[in-house]
Amino acid sequence: MRIDVFTQVPHAFAWLTEQRPLAAVLGGELELRLFNYRDSTPLRSGQVDDDPYGGGAGMVLRVDVVAAALEAAYGDSPPARVVALTPQGRQLDQALVEELAREPELALLSSRFEGFDERIVEHLCTDAVSIGPYVLSGGELPAMVLLDAVSRRLPGALAEGSGEHESFSAALDGGLEYPHYTRPAEFRGWAVPDVLLSGNHATIAAWRREQSRARSAR
């Protein structure tokens, strides 16, 4: 799989590329490319954004800048999925992560401050994705969230079987994961549930299923 991220701050992704699970699949199952809008902007002095028509605070990423960046990277053949990271987009959930992880290539567009010229989302993108109903200073963090979530679904990202019982997995019927406990068995009067110390794996499995259902129903 190849994921291309278009951003004004490509160096912001350096930390993420050194962490598992992303680091485990880079150069193998995943090719990650970072593109700086300023490298291909048709404007002078590396300009990429502008004041919005109609006035208002903040700067908006220009449509001609994004078009130039996509053309420089792909010519006339962009990926089948070009995703804008924006609060107005489709809510990112595990179903969407699984959907995107099946694509051979993705392009992720991030922006700073007030976001995108609306024509970018309408005409240059196939998808708009949001990581939640709140405002951030830029799309780099949402792009990292999406990168991490997708990379976890690639072969070799996790130890074999370790992702099968995570929250939202098929084994948990798409619900939340059950609670975990480790040693000591009692700390400050807070005890581990007796069922987990019983050694009865069938009973433990039933308890975990019930805990998962209870958490998911909240």
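## Arginine 188, out in the open

Arginine 188 counts as exposed, at 67% relative accessibility (exposed is over 50%, buried under 20% and partly exposed in between, with a 1.4 Å probe and protein chains only). You'll find arginine 188 in the loop between β8 (186-187) and β9 (190-191). Strands like these are DSSP runs of E with at least two residues, helices are runs of H or I with at least four, and both are numbered from the N terminus. From C-alpha to C-alpha, arginine 188 and cysteine 125 are 54 Å apart in space, and they sit 63 residues apart in sequence.

A quick word on the model: it is a predicted one, where local features need pLDDT of at least 70 and side-chain atom pairs count only at pLDDT 80 or more, while totals for chains, interfaces and linings use all residues. Residues are numbered from 1 along each chain as its sequence is written, and side-chain values use heavy atoms, with hydrogens and water left out.

## Helices α4 and α6

Now look at helix α4 (residues 94-101) and helix α6 (residues 140-151), which pack at an angle of about 70 degrees with their axes 9 Å apart. Those axes are lines fitted to C-alpha atoms over the stretch in contact, and angles run from 0 to 180 degrees between N-to-C directions. The two helices are therefore roughly perpendicular to each other (that label covers 65 to 115 degrees; under 35 is roughly parallel, over 145 roughly antiparallel and the rest oblique). Where they meet, α4 brings Val97, Leu100 and Ala101, and α6 brings Leu146, Ala149 and Val150; contact means heavy atoms within 4.5 Å.

Which residues of α4 are buried? They are Leu96, Val97, Leu100 and Ala101. Seen down the axis of α4, these fall within an arc of 135 degrees, so they line one face of the helix (the arc is that of the directions from the helix axis to the C-beta atoms). Their cover includes β5 (82-91), β6 (105-109), β7 (127-130) and α6.

## Two buried residues

Serine 130 has its place in strand β7 and is buried, with a relative accessible area of 3%. A polar atom of its side chain lies 3.0 Å from the backbone oxygen of glycine 132. Leaving aside neighbours within four places in sequence, serine 130 is in contact with residues including Thr86, Pro87 and Arg90.

Arginine 2 lies in strand β1 (residues 2-7). Is arginine 2 buried or exposed? At 18% relative accessibility, arginine 2 counts as buried. Not counting residues up to four places away in sequence, arginine 2 touches Glu31, Arg33, Tyr74, Pro79, Pro104, Glu105 and Leu106.

Conventions:
A polar contact is a pair of N or O atoms within 3.5 Å; within protein, one must be able to donate a hydrogen and the other to accept it, and residues adjacent in sequence count only if both atoms are side-chain atoms.
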